[in-house]
Amino acid sequence: MSTKTSGNKVQKTSPKVVRKGGKLNHAKFSPSWVVVNTKDAPSYQMELIGRIREGVKKADWKDLIQFTGSTEKEFENILPASISSMQKKAVYDKETSERIYELAKLFGLGYEVFDTKEDFKQWLMTPSRSLGNKIPFELLDSSFGFEMVENEIVRIQYNVYS
């Protein structure tokens, strides 16, 4: 986030997603940036906390949806706000923003561990024996579920199967 001064007014601006040579560059600290920079994200946790408190902008949410190859409808039961109410807002509340960043972090970890985005999405939608034969994606509606799914991905990363 940078500031611009105009006369006596100070305006906060956020970096935009920029295409350079056909490559998509995500705005630093946006949810889609967290997906791509999952290893860097922990060193920026204080910045991310600030972003959550300010609220995720609708445009950043749309970028994350597009980047993950998902639809808003897929996240309908995971987010604390309804899709219709989210469409009416320019900036989301703290609870919704936090869930968006949790999703970004989880997708970043999944993309790191699985060979392709498609492999990760398939794993998310397949019942897991170690998760009580539950579909991992369906557990993402609570913080405990997020933690369980994240722990399972880490176990897969280190070849520790339960």
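**Surface, pairs and packing in a predicted model**

Student: Quick one to start: what is the relative accessible area of Val160?

Tutor: Val160 has a relative accessible area of 45%, so Val160 counts as partly exposed. Please keep in mind throughout that this is a predicted model.

Student: And where is Val160 found?

Tutor: Val160 sits in the segment after helix H7, a helix that covers 143-157.

Student: Which residues make the nonpolar surface patch?

Tutor: The patch is built from Val154, Tyr158 and Val160, and together these give a nonpolar surface of about 280 Å².

Student: Let me step back to the whole chain. How many helices and strands does the protein have?

Tutor: The protein has 7 helices and 4 strands, and from the N terminus on the elements run β-β-β-β-α-α-α-α-α-α-α.

Student: What share of the residues is buried?

Tutor: Buried residues account for 38% of the 162 residues. The accessible surface comes to about 9800 Å², with 50% of that area belonging to carbon and sulfur atoms. As for contacts between residues at least 6 apart in sequence, 55% of them join residues at least 24 apart.

Student: Now helix packing. At what angle do the axes of H2 and H5 cross?

Tutor: The axes of helix H2 (residues 45-54) and helix H5 (residues 94-113) cross at roughly 140° and come within 7 Å.

Student: Changing topic: how many salt bridges does a search of the whole structure find?

Tutor: The search finds 6 salt bridges. Side chains of opposite charge can pair when their charged atoms come close. One of the pairs is Lys62 with Glu72, whose side chains meet at 3.2 Å, N to O. Lys62 belongs to helix H3 (residues 58-68) while Glu72 is in the loop between H3 and helix H4 (83-88), so this pair ties together parts that are 10 residues apart in sequence.

Student: What about Glu76, which residue does it form a salt bridge with?

Tutor: Glu76 pairs with Lys73, and the closest N and O atoms are 2.9 Å apart. Lys73 is exposed, with a relative accessible area of 59%, while Glu76 is partly exposed at 34% relative accessibility.

Student: And how far apart are the closest N and O atoms of Glu150 and Lys105?

Tutor: Those atoms are 3.4 Å apart in the salt bridge between Glu150 and Lys105. Glu150 lies in helix H7 and Lys105 in helix H5, so the pair ties together parts that are 45 residues apart in sequence. Glu150 counts as partly exposed at 25% relative accessibility, and Lys105 counts as partly exposed at 44%.

Student: Backbone next. What is the phi of Phe29?

Tutor: Phe29 has a positive phi of about 75°, although Phe29 is not a glycine. For context, most residues other than glycine have a negative phi. Phe29 is placed in the loop between strand E4 (23-25) and helix H1 (31-36), and at 9% relative accessibility it counts as buried.

Student: Phi of Asn133, what is it near?

Tutor: The phi of Asn133 is near 60°, which is again a positive value in a residue other than glycine. Asn133 lies in the loop between helix H6 (117-124) and H7, and Asn133 is exposed, with a relative accessible area of 54%.

Student: Last stop, Phe114: where is its place?

Tutor: Phe114 is in the loop between H5 and H6, and with a relative accessible area of 14% Phe114 is buried.

Student: Which residues does Phe114 touch, not counting those up to four places away in sequence?

Tutor: With those sequence neighbours set aside, Phe114 touches Asp119, Phe120, Trp123 and Ile156.

Notes. Residues numbered from 1 in each chain as written. Predicted model: local features only at pLDDT ≥ 70, side-chain atom pairs only at ≥ 80, totals over all residues. Heavy atoms only, no water. Patch = residues over 30% accessible without salt bridge, like charges linked within 9 Å, V, L, I, M, F, W, Y side chains within 5 Å. Areas by Shrake-Rupley, 256 points an atom, 1.4 Å probe, with all protein chains shown as cover. Salt bridge = Lys/Arg side-chain N within 4 Å of Asp/Glu carboxyl O. Helix = DSSP H or I, 4+ residues; strand = E, 2+ residues; numbered from the N terminus. Buried < 20%, exposed > 50% of the residue type's maximum accessible area, 1.4 Å probe, protein only. Axes fitted to C-alpha atoms, helices over the stretch in contact; angles between N-to-C directions. Contact = heavy atoms within 4.5 Å.
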